[in-house]
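Dear colleague,

I am handing over the structure we spoke about, and below it I set out what was found. Please have it open while you read.

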Amino acid sequence: MSAFDRRDFLRLTLGGLTTAIYAGSTEVGGPECFGQERVDALRPANVRRPIPGPDTLILTWQQDPTTTMTIQWIGPEVTEPENIWYATLDAPIWQIEKAITKPYPNTDLKVYRCELTGLKPGTEYQFHLGRPDQETRFRTMPAKATNTIQFVSGGDCGVNLHAIGTNMLAARQEPYFALIAGDLAYDNGRSPEVFTQFLRNYHEHMVDPQGRMIPMLSCLGNHEVNGGYKKTRADSPQYLSLFDGFYSERTYGVFDIGDYLSMVLLDTDHIAPIAGEQTDWLARTLSDRQERPHLIVANHVPAYPSYRPPEGLNGKTGTGDEQRVNWCPLFERYNVDVVLEHHDHTFKRTHPLVNGLKDKHGVVYLGDGSWGKLRIPKQPESRPYLAAVSPAYHVTVHRLEGDQRFHVALEETGRVADVCATFSKRPARRG
Ligand SMILES: [Fe+2]
Ligand SMILES: [Fe+2]
């Protein structure tokens, strides 16, 4: 990219991002990355509207994101839970769905869950609890990626003001969904009130400028589990009380979204061991999806950490050791496009890597979980697998355009920390 093209690119908003990269790049086949520049004009200011109903109400998915939506909230026990009324936005023929009630562990409160099924893909809906006098909106994922698909990801939130600021920044990007890959609330499996506050913050701020609530996908981190690692489902009472719809039998899984995207969500040894059953499942899951236009993996503990030591010290294993042995060879073999990993509380992007070494056909790892938590990262000079780092609270915006991907790391201030683009599917690498 020439200097002129680079300046042009950096003057553009995220809305013009792909146009700028197409115009400026001559490389096809590998990642194209830029960084450390300020962009003042992002999306217009977030136009949030008050969301009626319980202040913990959030959206997620248990099944197909193109035809379902799961609505959940926390509240006191009632004899007759409110029904959900829902209809498409443009032709409102109202339908009613009942909510189920389940325990919200270690409290007197309940989880209310209502799954809407048989929805139309790529369609805006309105819904409300009880009387139909106030609307809340959502949209289903499209079945085909005929237009740009945009979502946001990050990890390590908590409930502080930085986490709220990142929520607001994330919502302004109008993502179809937010993926938070571990360490959501920092309830540690012991503090339901902290988890509840996380839900309140998400409910209040994760509403896009059009007034649509943003569904949340997630995976386990150590701070969802009492004890952090090698524990049982009973040690993650709050997290699993909301997300056991998707993680009903095991704490890893895959969302296949339309004909364009698969999101593989893993458990880095918090409840499910890395080696063995989970790795066998991962090999089958990736093998079956290696030709998908976008194949993305997310997990909490990084294979290529930006803060903690990757090498074992004093007889302990290094951070990511087990993943580098069991999972990274599968990511490389089965054409995973990008791995999202967190836990170290920095912004980081690795070089494309094969077996830990820079390789233009390798896998890029993005992280490292600083939605609301922060540490000072190690520098690329001391860890050659790192391509870019920043000690900044951040969220990453992912844009899917055809079979091309753009990953834009936005700092809390709106500053663009980094942009990484990949232009075509890598050739399959087998054996
Ligand atoms: Fe964390
Ligand atoms: Fe963590």
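In which strand does Met216 lie? Please keep in mind that this is a predicted model; in it, Met216 belongs to strand S12, which covers residues 216-219.

Is Met216 buried or exposed? With a relative accessible area of 0%, Met216 counts as buried, because that value falls under the 20% cut-off. Leaving aside neighbours within four places in sequence, Met216 is in contact with Ile58, Leu59, Thr60 and Trp61, with Ala178, Ile180 and Leu184, and with Phe198, Tyr202 and Phe243. For one of these, Tyr202, which is 14 residues from Met216 along the chain, the C-alpha atoms of the two are separated by 9.0 Å.

The other topic is a metal site. The iron ion (ligand 2) is coordinated by Asp183 through OD, Asn222 through OD1, His300 through NE2 and His343 through ND1, at 2.1 to 2.2 Å. In sequence these donor residues follow the spacing D-x38-N-x77-H-x42-H, and the angles among the four donor atoms run from 90 to 156°, with the site being irregular. The iron ion (ligand 1) is 3.3 Å from the iron ion (ligand 2), and Asp183 coordinates both.

The pair of histidines links distant parts of the chain, 43 residues apart: His300 sits in the loop between strand S15 (294-298) and helix H7 (321-326), whereas His343 sits in the loop between strand S16 (338-340) and strand S17 (347-350). His300 is buried, with a relative accessible area of 0%, and His343 is buried as well, at 4%.

With kind regards

Definitions and conventions:
Residues are numbered from 1 along each chain as its sequence is written. Chains are lettered from A and ligands numbered from 1 in the order in which they are written. This is a predicted model: local features need pLDDT of at least 70, side-chain atom pairs count only at pLDDT 80 or more; totals for chains, interfaces and linings use all residues. Side-chain values use heavy atoms; hydrogens and water are left out. Helices (H or I, at least four residues) and strands (E, at least two) are DSSP runs, numbered from the N terminus. Buried means under 20% relative accessible area, exposed over 50%, partly exposed in between (1.4 Å probe, protein chains only). Contact means heavy atoms within 4.5 Å. Donors are N, O and S atoms within 2.8 Å of the metal (3.2 Å for Na, K and Ca); water is not among the atoms, so sites may look incomplete. Four donors count as tetrahedral if all angles lie between 85 and 135 degrees; four count as square planar and six as octahedral if opposite donors are over 155 degrees apart and all others between 65 and 115; anything else is irregular.
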